[in-house]
Amino acid sequence: MTIANTAIRYGKITKIFHWLTALLILTVVPLGAIANRLPHDTNEQLALKAQLFSFHKTLGVIIFVVAVARILWALTQTKPGNLHPDRKAESFLAGLVHWLLYISLIAVPLTGWIHHAATTGFAPVLLPIGQDLPLVPKNETLSTFFASLHWIWSKIMIGAILLHMAGALKHQLIDKDATLGRMWFGDRSTPEVPMHAPDRIAPLAAIAIYLAATGAGAATGVFSHNDAGPTTSALAEVASDWNVQDGDIQITVTQLGSPVKGTFADWTAAISFDPEATDVMGSVTTTIAIASLTLGSVTNQAMGPDFFDADGFPMAEFHADISRNGPDYVADGTLTIKGITLPVSLPFTLDIVDNAAMMAGQLILDRREFGIGKSMGDETNLGFAVDVAITLTATRDTQ
């Protein structure tokens, strides 16, 4: 058996690439299907689901690398001729299926990889390459888009695999020809065949199928589907001596040993503050719409009853008095999450220039104290500590 292809049979390296790819694909597809259907209500269930998804993603990256190497090798090789050049329709269908598979081996794992890189949290890739990709920002809209592409295109890949397997079985069991045999190992007799004639229509047809499937997905709303959790109306503006112009309320949790950052998009703050006061200098009341939280790939899970329970407790509230804390300041008050109210102190820095104030504060909460993640009784999957960072710019109402 030769290393390289010849005009009538495939070489050893091509066969290794073929069967290695087949083994990887027939492993990664069931892994993804099983992982997607597993529940994640308990610590143990989430651990298993995350582990299977990590295996699925890791194999996907390996498939992408193998596919690139396989294509580069194929570009240097002679392609054996068609065993049945007289069967025009069958030859076209075989070529179409092969092109669908070639595209799938690049497009499907790549879209999954981009989806993973664009979000944060849940099921890391188990390779020493990091979790990010160059030129791929952390962006949930981008992540959702590529997750949808991955879902649509994986269906094309599965269909092409089934057709490819059916064709191989037909050649082996019905035609009883050398199609399957010349892709297997060992020296086998192979009939003389004409030189391979490239089919220029099949690749265009394969691309058209991908475009049509993507368009159909867009028309049916696949790209806007995000398992949306609870929705709330935007919070109304509040009367305040200091009006917030911009700012962020961010949280960072530790999931499976990695930090996952999230941001609340909808919140209000009513602030009274007198920088000349010597005792209590003012107060703050902050209201946060829980459903406005974006927390990477676990956003929807975070809205569930075991976590923030956004349906039952749509708002979190912080009430505090402001006073000096050495050279800086502190807001001492209470924080209410999921109907549980606890004392909280938020130390912060404050820079005031004319009538504009820039504030930055940080504190650490224990999720267990607010009944968040009761099913996660240890830190295997989700850490106890939640880091909260707040920044804002406000201007004084001088009227």
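This is a predicted model: local features need pLDDT of at least 70, side-chain atom pairs count only at pLDDT 80 or more; totals for chains, interfaces and linings use all residues.

Student: How do I describe a pair of rings?

Tutor: You take the distance of the centres and the angle of the planes. Searching the whole structure turns up 11 aromatic pairs. One of them is F145 with F146: the ring centres sit 5.3 Å apart and the planes are at 90 degrees, so this pair is edge-to-face.

Student: What about W242 and F273, how are those rings arranged?

Tutor: W242 and F273 are edge-to-face too, with 6.5 Å from centre to centre and 65 degrees between the planes. This pair ties together distant parts of the chain, since W242 belongs to strand 1 (residues 242-255) and F273 to strand 3 (residues 267-273), 31 residues apart. W242 and F273 are both buried.

Student: Now helices. At what angle do helix 3 and helix 5 cross?

Tutor: For a crossing, look at the axes, then the handedness, then who touches whom. The axes of helix 3 (residues 88-118) and helix 5 (residues 201-219) cross at roughly 55 degrees and come within 8 Å. Helix 3 and helix 5 are therefore oblique to each other, and the crossing is right-handed. On the helix 3 side the contact includes F92, W99 and I103, while helix 5 contributes, among others, P203, I207 and Y210. By class, the residues of this contact are 13 nonpolar, 2 polar and no charged.

Student: How does helix 2 lie against helix 3?

Tutor: The axes of helix 2 (residues 43-75) and helix 3 come within 9 Å, crossing at roughly 140 degrees. Roughly antiparallel needs an angle over 145, so helix 2 is oblique to helix 3. Here the crossing is left-handed.

Student: Which residues meet there, and how many are charged?

Tutor: From helix 2, the residues include K57, F64 and R70; from helix 3, they include L105, P109 and W113. The contact of helix 2 with helix 3 has 11 nonpolar, 2 polar and 2 charged residues.

Technical notes:
Residues are numbered from 1 along each chain as its sequence is written. Side-chain values use heavy atoms; hydrogens and water are left out. Axes are lines fitted to C-alpha atoms, for helices over the stretch in contact, and angles run from 0 to 180 degrees between N-to-C directions. Helices (H or I, at least four residues) and strands (E, at least two) are DSSP runs, numbered from the N terminus. Angles under 35 degrees count as roughly parallel, over 145 as roughly antiparallel, 65 to 115 as roughly perpendicular and the rest as oblique. A crossing is left-handed if the near helix is turned anticlockwise from the far one by less than a right angle, and right-handed if clockwise. Contact means heavy atoms within 4.5 Å. Ala, Val, Leu, Ile, Met, Phe, Trp, Tyr, Cys and Pro count as nonpolar, Asp, Glu, Lys and Arg as charged, and the others, Gly among them, as polar. Rings of Phe, Tyr and Trp (its six-membered ring) pair if their centres lie within 6.5 Å; planes under 30 degrees apart count as stacked, over 60 as edge-to-face and the rest as tilted. Buried means under 20% relative accessible area, exposed over 50%, partly exposed in between (1.4 Å probe, protein chains only).
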